[in-house]
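Subject: Structure handover and notes

Hello,

My notes come after it.

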Amino acid sequence: MNDSFVAPAVDWLYLAPILVVLGAGVVGVLIEAFVPARVRRTVQVVLALLATAAAFALVVVLWRDPAVQGSDVAPYGVRVLGGSMVIDPFGLAVQGIVVLLAFLAILVIADRTSTGQDAFAPSAAAVPGSPYEDLTRRKGLEQTEVYPLVLFAVGGMMIFPATGNLLVMFVALEVLSLPLYVLSAMARRRRLLSQEASFKYFLLGAFASALFVFGVALVYGFAGSVDLVEVYRSLATPGGPLASMPGLVVVGALLVLAGLLFKIGAAPFHAWTPDVYQGAPTPITGFMAACTKAAAFGALLRVLYVVSLGLAQSSPATREDLFVALWVVTLLTMVVGTVVGAVQTDVKRLLAYSSIAHAGFILVGVVGFSQLSLRATVFYLLVYGLATVGAFAVVTLVRETAPVRERVPATVGAGEAGAPDNPSDDSGEQPVAVLGEATHLAQWAGLGRRSPWLAGTFSLFLLSMAGIPLTAGFVAKFTAFGAAIAGPDGQGGGSTWVLAVVGVLASAVAVFFYVRIIVLMFFTAPAGGADEGSGEGAGASEGAGVTVVRSAGPTTVAIAVCALGVLLLGVFPSPVLDLAAEAVKFVP
Amino acid sequence: MTTSVPWLSLLVAWPLVGAAAVWLTAAARTRGVGAGALRAVRGVALAAALVEVALLVATFTAFDTSAAGTHQLTETYPWIPQIGASYAVGADGVALALVALSVVLVPLVVLAAWKEQDGDVRRLRHYLALVLLLEAFMVAVFVARDVFLFYVLFEAMLVPVYFMIGGFGVGARRRYAAVKFLLFSLAGGLIMLAAVIALYVQVPIDPATGARPEDAFLTSNLVGYFAENPMPVTTERLLFLGFFLAFAIKAPLFPVHTWLPDAAQHAPAGTSTLLVGVLDKVGTFGMLTLCLPLFPHASTWAAPVVVVLAVVSILYGALMAIGQSDLMRLIAYTSVSHFGFIVLGIFAFTSLSVSGSSLYMVNHGISTGALFLLAGFLIARHPERSQRIADYGGLQKVVPVLAGTFLVAGLSALSLPGLSTFVSEIMVLVGTFARSPWAALVAVLGVVLAALYVLLTYQRIFTGGTREGLDELPDLGAREKWVVAPLVVVLLVLGLYPAPALDLVREPAEVTLSDLAVAGVEDPPRSDPFADADGTLVEGQASHVTRSTDEGSES
């Protein structure tokens, strides 16, 4: 990372953040092979945290780099490897958000809580329910491959928004996706659900990748290059390919965008989201929901701006067509996310639909299509990511309990230490085992009375997602809808304000289901309690208790950082908005 | 004009300190003796609220009543310059009067909540902390001079109220009431959000910086700008509707009032007092200070409809009140009726009616506050905590002091001459008569109906034979007398000598009318006999006040 590394052709320095993360991933694989099992987990966790922290530090260093920021005489941004990587303020901003959120997510992933178990299967290869699986449990095996996998995914997410080459973008898409497919299948509990989620994710993801790659091929067909600069040039030439083969242009662009919209989780490409979010291990869900979305929006904006600016030069009508499609996607995404979200009964599914809705809200800002949009998107991604990582981190701590006579893993003995904390369990003499997460909404009833702090922070995240003022979500929504109302000319021209109005109405629906959880946590007696009219408590899994396990530390830190971030960005968003405003500089 | 002592910021910040103190006191002593912790929590909360009253008195000394039409004690700091938002506070007469109302009501609510929540320290500490938190929001929203800041507070206020109803309320359907309250308010608020953003977009981009001014959201800047560069007609009307809908829900105006009876029925009496007494005033206050100055043309365009809605509210609220069997719902419906009067006065566009409405807001807060608190005391005495009027009867002999104060509060609701509400109601009616006589005439029916719902209720609860099981009820204790006495005194004093309050609201009304002048609204000639009879009003008419220029282009 210093001068001795600089090869003549490649400006390695500008790739340093990515290299650090991917390098750490490779080292992580070696650690799996050579470090004794006793300390392997510790080493992996430390390595992963150090790598993401170092990558963040490097992003900050690069941010201040004069070549990146540009000056009066020189344009901003650096093209490395002939444009395969484009290091500009926008890409760096997204990279920074990704590694920051990844750092927090890794904290959650690494937490074994007071039960002494992490969220991952002892051996993901074991057939669920088989004697072999039982054996791995009793042996107390742990899969520390999780950490290198996460690092590889982060590496892919960092390349994704920072490349100016569609093929590299495709490679990045796969690099970030493949580890996520694997990670989704590794839940310790509800293994079948987890594997199903992974399978669905893989199938649909492969489908989306195919769309993307086909789109790239079509783009190559008319532009003769996969370099975005060339694509722009070709599109901007009046009478160029657009005149001779307009269908190719539109279909190619739409297919590429469809591939990206899939990763974002925008309707109608959202079908995988609820299943995957529900089935995947919760810490991974948090990581995936926050970081993938940030990276994919970065890539989407880059492609969209190139295509749109190019078309604006030669054929505004075609551009309009493209935007109609984007409008439809935006509207659908908001409506599906909020309306279907309103009837969910599982916390993770509900958060999944909320994430779909947020994709829609961010798209509202994107469609505004001005400098304001970029600023809004960058800010929104950060805010959404903080609330999401925090919310899923809270979910990891709320667990089901069952009387210990049931068949439970031997290692759960440590879990009994957690039991006395739970005064609501009347079976004082009978130890209870802490099981998986209590994700049914009914099980969250009365959480606010037993764990006011946990429920309070969760409410904070929900309020932020709902966009209540004095939380970061409000400022984010304000900027995003503001960009849409201001429109491309910044003066209220265009008709994107319609999207903002729909967005506002969708927010009102979304508030309803966020508030429903808050009502449950604070105003409803726990299931089985004799509170009047607790209609939702009826369907709870009878007999199973609910407890809150203590974090071993990292999750608490992550939740605290997220909560603090959500509050600070809500009350004093100014400095970060400034940074986000700087991030609107783009190299096509 | 920035004063050396930031009185208004102090008024905003102190309740926050108080809330934290209440919370920490209880947290420190929860494991100690229950009674000791309870005393500590109550003491800290009451002390915090009383210090706030002292701060208010100090603020009044710093306030120049002779210039009540301008915003004084202003403070302006950039907050989020990227989106044109500033932390800008300042109070004119109306704002200060409403701040005073909230600050005075809070200690009484704290005192009234003494025995609520069954003496459970943990619940009481949350409740009292929420009350103080809410006080900070209430004060801040009235003194906000920045549309963005106003909006933020307008929405953020919902959260503590939501918890106060849903978490500490009474009855099986309190969660339903809380959610209904929240969803109604949020739906209105979010539509207002779209309008707020669109309003900001109307401000032109400064070519020098390539962005909008960093203080674009200052109310005075917006008003000044749009007075010179009117928006397109349709835009202005849409934005007006966005703001007005939110305020109408908050106020609440027929037909978007339905959340209020539910909320009031299920909230603790103290919460209802603050909710109806102060919070709902934010709706009418917003109409007065944002809708009218920002959208003068649209306001005059919408005025006929709004006036009709206001008159319907007056009659509908009164009729519904007569038909209620639940005491708290009844009081809520009387408020719907009274809010009709306030909105009627605002949209009658005469300086008399507008100043009358401003005064009405304060008087109604005191009158309704007294009614809610007394009803709370009454219900707390019932062995089954019944809110049904039919479960009471003949209590005049059992609890004479309670009955007497209830009667005074009730008479203030029907605007008996000699009580402060009479002054404001007559101002609204006379002012409205000059603009639209028929509206005033129909509205007068509301006064007659008010007599019905007040006196009938009094008769059913306090006269006749005492019901079984109710003949041993204790009368108001010392604490409860302390709660009610200040309110009754204010009702009487301002009824007999309204000049101090009138001084506060008269000039702001003139400023509002001068803001409306661009839409061609003139104060109608003062031919009504009442104004001639009352010297102070004529005098106010003589001094023509306009929004001063230094304030119009603050930067």
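Predicted model: local features only at pLDDT ≥ 70, side-chain atom pairs only at ≥ 80, totals over all residues.

Chain B overall

Chain B contains 22 helices and 2 strands. Along the principal axes, its C-alpha atoms fill a box of roughly 75 × 55 × 40 Å. The radius of gyration of chain B is 23 Å, which agrees with the value near 24 Å that a compact globule of 555 residues would have. Of those 555 residues, 63% are buried. As for how the chain contacts itself, take the contacts between residues at least 6 apart in sequence: 82% of them join residues at least 24 apart.

Contact between the chains

The interface brings 32 residues of chain A into contact with 27 residues of chain B. On the chain A side, the elements that give two or more residues are α19 (472-486), α20 (497-523) and α22. Which of these supplies the largest share of that side? It is α20(A), with 12 residues. Sorted by class, the chain A side consists of 22 nonpolar, 8 polar and 2 charged residues.

A helix pair in chain A

Helix α22 of chain A, which gives residues to the side touching chain B, also packs against another helix of its own chain. The partner is α16 (residues 371-397), and the axes of α16(A) and α22(A) (residues 574-582) come within 8 Å, crossing at roughly 125 degrees. The crossing of α16(A) and α22(A) is right-handed.

The residues that meet are R375(A), V378(A) and F379(A) from α16(A), and V576(A), L577(A), A580(A) and A581(A) from α22(A). By class, this contact has 6 nonpolar residues, no polar ones and 1 charged.

Backbone details in chain B

Where are the cis peptide bonds found here? Both prolines concerned, P252(B) and P255(B), are placed in the loop between α9 and α10 of chain B. That loop joins α9 (233-250) to α10 (259-266). The bond from A251(B) to P252(B) is cis, with omega near -10 degrees. The bond from F254(B) to P255(B) is also cis, with omega near 5 degrees. If you set up the chain from sequence, these are the two bonds to compare with the model.

Two residues other than glycine have a positive phi. L73(B) has a phi of about 55 degrees and lies in strand β1 (residues 72-80) of chain B. Is L73(B) buried or exposed? With 22 other C-beta atoms within 10 Å, against a threshold of 20 or more, L73(B) is buried.

The other case is S415(B), where phi is near 60 degrees. S415(B) lies in a loop, between α15 (400-413) and α16 (420-435) of chain B. S415(B) has 27 other C-beta atoms within 10 Å, so this residue counts as buried too.

Regards

Terms used
Residues numbered from 1 in each chain as written. Chains lettered and ligands numbered in written order. Axes fitted to C-alpha atoms, helices over the stretch in contact; angles between N-to-C directions. Helix = DSSP H or I, 4+ residues; strand = E, 2+ residues; numbered from the N terminus. Left-handed = near helix turned anticlockwise from the far one by under 90°. Contact = placed C-beta atoms within 7 Å. Nonpolar A, V, L, I, M, F, W, Y, C, P; charged D, E, K, R; others polar. Rg over C-alpha atoms; globule rule 2.2 N^0.38 Å. Buried ≥ 20, exposed ≤ 12 C-beta atoms within 10 Å, placed from the backbone.
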